[in-house]
Amino acid sequence: MINIFINDKPYKAEAGQTIMQAADKLGFHIPRLCYHPKLSIEGACRVCIVEVVGMRNYVASCAYPVSEGMKIYTNTEEIRRARRDIVELILDNHPEDCHTCERDGNCELQRLAFAMGIRKRHFEGEKKHYEKDLSSASVIRDPNKCILCGRCVRICSEIQKVNALGYAHRGFKTVVMPAYNMPFKDSVCTTCGQCINVCPTSAFIEKNFTQELFQKLGDKSLIKVAQVAPSVRAAIGEAFALEPGRQLEKELTAALRKLGFDYVFDTQFSADLTIMEEASEFLERFQGKGKLPMITSCSSAWMKCLEQFYPDLIDNVSTCKSPMSMASALIKSYFAKKINADPKKILSVACMCCTAKKYEALRPELMVDGMQATDIVVTTRELAWMIKSAGIDLLHIKGEEFDHPLGYSSGAGTIFGVTGGVMEAAIRTAYELYTGETLLDIEIQDIRGLKGIKEGKLVIDGKEIRIAVAHGLGNANEILNTIRKDPQRYHFVEIMGCPGGCIGGGGQPYAGSNSLPLDEECLKKRAEALYGLDRNKTIRRSHENPDVQRLYKEFLGRPLSAVSHKLLHTHYSPKQPQGIIPAELTVK
Amino acid sequence: MTATDDKKTNELKVFMREAKTKDHPDSQLISILHKAQELYGYLSQDAMSQVAKEMNIPTAHIWGVATFYHYFNLKPKGKHSISVCLGTACYVKGAEEILNAIREDLKIDFGQTSVDNLFTLQEARCLGACGLAPVIMIDDKIYGSLTPKKALEIIKSYKK
C-alpha cells in the first residue's frame, strides 16, 4: 500500500492502481465517459481529468497510476471548470435534439452534462451531418450522435473480436464505421448489439419496431401471439428503476395481455423442446452418427459469426433452430391448427433480450410454409418502453400465467438465458435419455458463473463426456480455435454470442445512473433471478414437461422425427461479407 | 485481371511475406499500404482486402489507417497531377483565379479526377517557389508567373 492525498485528505492506495481506480475504492466518483473497466484504456474524452500537484497539465485519471505521496485534487474550482468546458465542447457538435432522441432520459452524455452543471452554453460549433445507416436488420448507426468515445470500437474488437468497426478519417471528420464505409448489413457485424449496450448516446440503437407493433396490436383481424425469452423477465425491472435481480415473469405476462396480445407464450417452453431435440441429436452424434464436438445453435449472433468466420465448423453445429424460431414455427403450424386459425392471420411477436433475433427472424431458412415464422422481434428495451407508453403499471399489476399449449416450462428451459444454461439443461435430459436413470445432482457448478471459458466432464454410463462453455464472441473465438487444432478435445460445446449469455444481450435495459453497461454484479443478479426460478420449480428437466410430452404425442411423434426436422431444424451455409478475412487464415 | 495486375499482386504478396518475418508485423501496415499504392497508384478495396487477408489485420482497421493519412488515395488518380499552390505568396498573387479557371476547365474540384482520367487536382501549401508566384505544379514540374490564361494553355499542352 502507498500513501496518497485526495483533496488534502490522506488515504492508502494500492501501488499500480490508476488514480481513478484508487479514487473509486475511496468513494470519489470522478466523472468519466470513454472509460469502461472491461475495455482497454483509451483516454480519449479527457472528462476524468484531475489535478496532480507537480504535473504541468491535468492528467486523465483513468490512465495515470498513483505513486507514493501523490497529491490529487478532484474537485477544485479550476478542475470543475476545465471538465465542464470539455463536456461542453463535446456537446458543441452534438445534435441538440434530446427531447426527440431515443435515449432521452437514459443518455450518459445527458447525465454528464447535468452533473457538470452546464446551464449556459458558451460555444456554438459546427454540427455533423451524416446519413444514418439503416441497412442492418438489427442495429442502426447514426454518426451524428457519436461523440467518438470509442467504446463500440473497443467492445467489437476486444470483447467480441468481430472487428466490424473502426475509426475512419481524422479530426472533425472522424467517423466510426465499418470497413470501406460499407452498409452495416454487408459488413462482418454479427448484430449482437453490444455496441448499443456500451454506447453512451444513441449513435448505435436497435431497429425499433414499437410503432409498427402498436399499429398491428390494434388490427382486429389479426390473432396476436407473443413469446417471451427467459432473460427478458430477469432484466425488464431495471428499465422500471428496480434493482437488478428481480424477475417479473407473471407481471410481464399480464402486461402483454394488457398491451393487446391474445395469447402469451413462453420461449422457455420451446427451450425445453430445443433440449429434447438437441440432447437427442447429441446422443446420435455421440454414438457415431455425425460430427463431434457438437456446438449449440441458439444464439443468432453466433450463427452469423459461424457462417462468416468459421464455415469449416458448420457441420459441428447443431441443426436445431433457436427456441424463438421453434416456438414461432409451432405457433404458425401446431397452434394455428389447434385454434382452427389461418396461420397467415397470426401475428407472431418475439420479446427478446437480443438484437440479433431481429436478423434471425428474417433468415430465409427459417420460413414455415412460405411464411416468415417470427413477424416482429422487440427487445427488452422496446418492450419496456411500450409498457410505459401504454400506461401499464408493470410493477403493481396482478401477475398472470402463460397460455397453453406453448407456455409451460421446466426449470431447464429457464436457465437457457444464462451462459452454461443450455449445456446444463441438455445434460439433465441427455443423461436420462442415455442411461434411463434420472440425474440427481442437476446443478452443474463447473459450467455456472461468468468465467469466459468453462470446462467440465461428466460420466454417462461409464463414458466420459467432455464439455465446454463460452460466452461472448471473443471467448468463442478462443474455444473454436482450440477445436480446430484439437477436434477430439470436447464432445459438446455451448456458445453464446453475448457476455453472460442472453442475460447480457444487446437488447437489455440500459445501465442506470449508478451502474455501467455489462456490469458483472448486474449480470450475476440477472443470472441468479433465473437460477432462482429454476430452483423453485417442481419440474426441472425438459423431458418431464407435460406440454412437451403432449406435443410429441399429438404432433411431432418423437425427437428428430420428419415433422421435427421440417419445423424445428435448419441449416447454415458459408457467407463471405465484403472485406472478410477467410476462416482458414484466422487460425494463428 | 491482366498479366500486369497479376504481377503487381504477386509483388505486393512478396513484400508482405517479407514484412511478416519482422518483429512486429502489424506495425508494417503503413509501409505495406505505401507499397500497394506505389504498385496500383491508389488503394482499392481489393488491395486493402488483400492486405487484410495476408497480414490477418481487420479490414476496418486498415480502412481507418488508409483514410487517416492524406497521402493515401482511395480513388484512382489521373495520368497527371496538378497541384495548385495556395500558399501566402501565390494566394496574394492571384492563385484563386488560377484555381477557378482550372476548376471550370476540367470540371473538377480538389481530390477529384477529370472524366478523361488525365488530371487529378490537388491543393498545395507552398511549393518553395514563391519568387515565381503564382505557381502550379504538374507532376514534378513547376510553372510560375502564371495568369489563368497561361495556366490553361499549359494544361492544354498535357492533353495531347
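What follows is a short chat about a predicted model, covering domains and helices.

Reader: How many residues does domain 1 of chain A put into its contact with domain 2 of chain A?
Author: Chain A splits into domain 1 (2-89), domain 2 (139-205) and domain 3 (211-568). The C-alpha centres of domain 1 and domain 2 of chain A sit 27 Å apart. Domain 2 of chain A brings 10 residues to the contact, and domain 1 of chain A brings 9 residues.

Reader: And over in chain B, what distance separates the centres of domain 1 and domain 2?
Author: Chain B has domain 1 (3-68) and domain 2 (80-158). Taken over C-alpha atoms, the centres of these chain B domains are separated by 32 Å.

Reader: Are helices α9 and α11 of chain A roughly parallel or roughly perpendicular?
Author: Helix α9 (residues 267-286) and helix α11 (residues 323-338) of chain A pack with their axes 8 Å apart, at an angle of about 105 degrees. Angles of 65 to 115 degrees count as roughly perpendicular. So α9(A) is, relative to α11(A), roughly perpendicular.

Reader: Where on helix α16 of chain A do its buried residues fall?
Author: The buried residues of α16(A) include A:Ala476, A:Ile479, A:Leu480 and A:Ile483. An α-helix has 3.6 residues a turn, so residues three or four places apart point the same way. Down the axis of α16(A), the buried residues fall within an arc of 145 degrees, so they line one face of the helix.

Reader: Which helix of chain A do those buried residues of α16(A) pack against?
Author: Their partners in chain A include the strands β15 (453-460), β16 (463-471) and β17 (492-496). The helix among the partners is α10 (300-309).

Note on methods: Residues are numbered from 1 along each chain as its sequence is written. Chains are lettered from A and ligands numbered from 1 in the order in which they are written. This is a predicted model: local features need pLDDT of at least 70, side-chain atom pairs count only at pLDDT 80 or more; totals for chains, interfaces and linings use all residues. Domain bounds come from an automatic or database domain assignment. A residue is buried if 20 or more other C-beta atoms lie within 10 Å of its own, exposed if 12 or fewer, and partly exposed in between; C-beta atoms are placed from the backbone. Helices (H or I, at least four residues) and strands (E, at least two) are DSSP runs, numbered from the N terminus. The arc is that of the directions from the helix axis to the C-beta atoms. Two residues are in contact if their C-beta atoms, placed from the backbone, lie within 7 Å. Axes are lines fitted to C-alpha atoms, for helices over the stretch in contact, and angles run from 0 to 180 degrees between N-to-C directions. Angles under 35 degrees count as roughly parallel, over 145 as roughly antiparallel, 65 to 115 as roughly perpendicular and the rest as oblique.
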